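Here's a quick briefing for anyone meeting this structure for the first time. Have a look at the fold, then read on.

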Amino acid sequence: MFSFLRTLVRNPLETWPRALFDESMVRLHFAGRPVFMVMDPALVEDVLVSRAALFPKAPIIQRTIGAAVGNKSIFTAEGADWRWQRRASSPPFRHEKILGFVPAMSRAAEATGGRLAAAASPDGIGIDVSEAMMATTFDVIVATMLSGEGGFDTERFSREITHYFDTIGWIAALTVLRLPAWMPYPGKRRARAGNGFLKAEMARVVAERRARPSPAPDLLDFLIQAADPETGRAMTDAELADNLLTFVVAGHETTALALTWALWLTAMSPDVERRVLQEIAEVAGEGPVDAAAADRLVYVRQVIQEAMRLYPPAPLIPRVAAEDLVLGTETIKARTPVYVPVYAVHRHRRLWSHPDSFDPDRFAPDAARGRPRGAYLPFGAGPRICIGASFALIEAVVIFATLMRRLRFVPVAGHWPKPNTRLTLRPDGGLPMTVLRR
Ligand code: HEM
């Protein structure tokens, strides 16, 4: 038990047994309590889609994400409390709105590309790709969802999120042991202070916006104007700050990770890289990657999709049984955790041929046809599916194409990045690569 907890704190992914990659459903025991892991696509659909109301978000979400952004924000709320916030947040995520954001995505990518190209000598520069991608997607989220306002200290923002995420393993261990949230653990005070900083930043943005409306409505304006149809209640400033923090964190960290893994996987596969470059040259030429080009970069999109299969930025979807129920052949008692381990579903032996190899052709339209929906779910499924899924895919395609055209990313010899699940699937210690101008 002690070594299990030590591994859970260090890297929860390493506690996942092999059976998750072979079986339909596995019952694990944590501190004498069952936890069901569901991998079979039909059962995954049952949990997340058909009977979603019977499987609300698990307490671990309240203890990890809820502790940072409150239990009433769009990511953490349930039922009617969640529904009106979801509806209120939807306008900026409509397809035509997202297409209007493409120039901002392309500008942020050009800026990163320019910075890296300027710094690179003929031998290249060594950078942490995950850091560079976080900075780029952070710029995009601020430019698109907050009309470019806020004057954030991007590096500090990123650092504080990392401090918070670094303590997730401890929170998971306390939850497994059924210990109360107030218990101390290493890094807790620093994580709390960091979270205080993030919340204060969001509160500042809300206050500034109240004092000075933006010229065109953005996500924050939609949230400010929203009212619960049942009670007529609007969000308080604290709720606005919590939701804003949810969107800023959920909206840049995940996409940055998809890009990070995609750049590394492509650099490891010269054939894929050749096809990517050929497609970008044909579709976008030398001009900016605009909305029409993003739509036609079909192979680039497949690369992003395949990268998210092997390294899903959100590797686990935690739910809990709301009442006694039957799932597949198992009888499950109320309040038992039921988790969808996306990372294992995406590398499952029965669902994918050569599950650990990188092959973007799996997502060619013909190949993807007939695959059960529950076999691939980087954005989740059902009513709680990611609100930013289309935004993220287009953003990743635009940034990837813009950077690949200008720069060559070369893996550092001997460095094999290790995925670590701290809410998101980060490369342990970052992802160092050498960057050269093309
Ligand atoms: C590659 C990028 C992304 C990935 C892999 C991802 C993944 C996910 C997943 C798996 C969920 C569902 C969690 C659950 O059911 O428990 C989710 C929810 C959510 N995501 Fe994303 N996400 C990405 C990008 C974004 C972006 C760009 C935004 C916003 C700008 C965003 C905002 C949200 C929000 C607000 C929710 C909660 C939705 C709700 O409960 O109604 N995400 N995301």
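Predicted model: local features only at pLDDT ≥ 70, side-chain atom pairs only at ≥ 80, totals over all residues.

Residues are numbered from 1 along each chain as its sequence is written, and side-chain values use heavy atoms, with hydrogens and water left out.

- You'll find Phe363 in the loop between helix 16 and helix 17; helices here are DSSP runs of H or I with at least four residues, strands are runs of E with at least two, and both are numbered from the N terminus.
- Phe363 has a relative accessibility of 9%, so it counts as buried (buried is under 20% relative accessible area, exposed is over 50%, and partly exposed is in between, with a 1.4 Å probe and protein chains only).

**Helix 2**

- Helix 2 (residues 41-50) is mostly covered, with seven of its ten residues buried.
- The buried ones are Pro41, Leu43, Val44, Glu45, Asp46, Val47 and Leu48.
- What do they pack against? The buried residues of helix 2 pack against strand 1 (25-30), strand 2 (33-38), strand 4 (317-320), strand 5 (325-327) and strand 7 (337-340).

**Helix 6 and its two partners**

- Helix 6 (residues 129-145) packs on helix 7 (residues 154-166) at an angle of about 110°, with the axes 10 Å apart; axes are lines fitted to C-alpha atoms, for helices over the stretch in contact, and angles run from 0 to 180 degrees between N-to-C directions.
- That angle makes helix 6 roughly perpendicular to helix 7 (65 to 115 degrees is roughly perpendicular, under 35 roughly parallel, over 145 roughly antiparallel, and the rest oblique).
- Met134, Ala135, Phe138 and Asp139 of helix 6 make the contact with Thr154, Phe157 and Ser158 of helix 7.
- By type, the residues of that contact are four nonpolar, two polar and one charged (Ala, Val, Leu, Ile, Met, Phe, Trp, Tyr, Cys and Pro count as nonpolar, Asp, Glu, Lys and Arg as charged, and the others, Gly among them, as polar).
- Helix 6 also packs with helix 18, at about 130° and with axes 12 Å apart, so these two are oblique to each other.
- On the helix 6 side are Met133, Thr136, Thr137, Val140, Ile141, Thr144 and Met145, which meet Phe391, Glu395, Ile399 and Leu403 in helix 18.
- That contact splits into seven nonpolar, three polar and one charged residue.

**Helix 13 against helix 18**

- Helix 13 and helix 18 pack at about 105°, with their axes 10 Å apart, and are therefore roughly perpendicular.
- Glu273, Val276, Leu277, Ile280 and Ala284 of helix 13 touch Phe400, Ala401, Met404 and Arg405 of helix 18.
- Seven residues of this contact are nonpolar, none are polar and two are charged.

**Salt bridges**

- How many salt bridges are there? The count comes to 27, where a salt bridge is a side-chain nitrogen of Lys or Arg within 4 Å of a carboxyl oxygen of Asp or Glu.
- Glu78 and Arg384 pair up at 3.6 Å, N to O, and they link distant parts of the chain, 306 residues apart.
- Glu78 is partly exposed at 34% relative accessible area, whereas Arg384 is buried at 16%.
- Arg438 bridges to Glu273, with the closest N and O atoms 2.9 Å apart; Arg438 is in the segment after strand 11 (432-437) and Glu273 is in helix 13 (residues 270-284).
- Arg438 is partly exposed at 42%, while Glu273 is buried at 12%.
- Arg275 forms a salt bridge with Asp361, the closest N and O atoms being 3.1 Å apart.

Conventions: Contact = heavy atoms within 4.5 Å.
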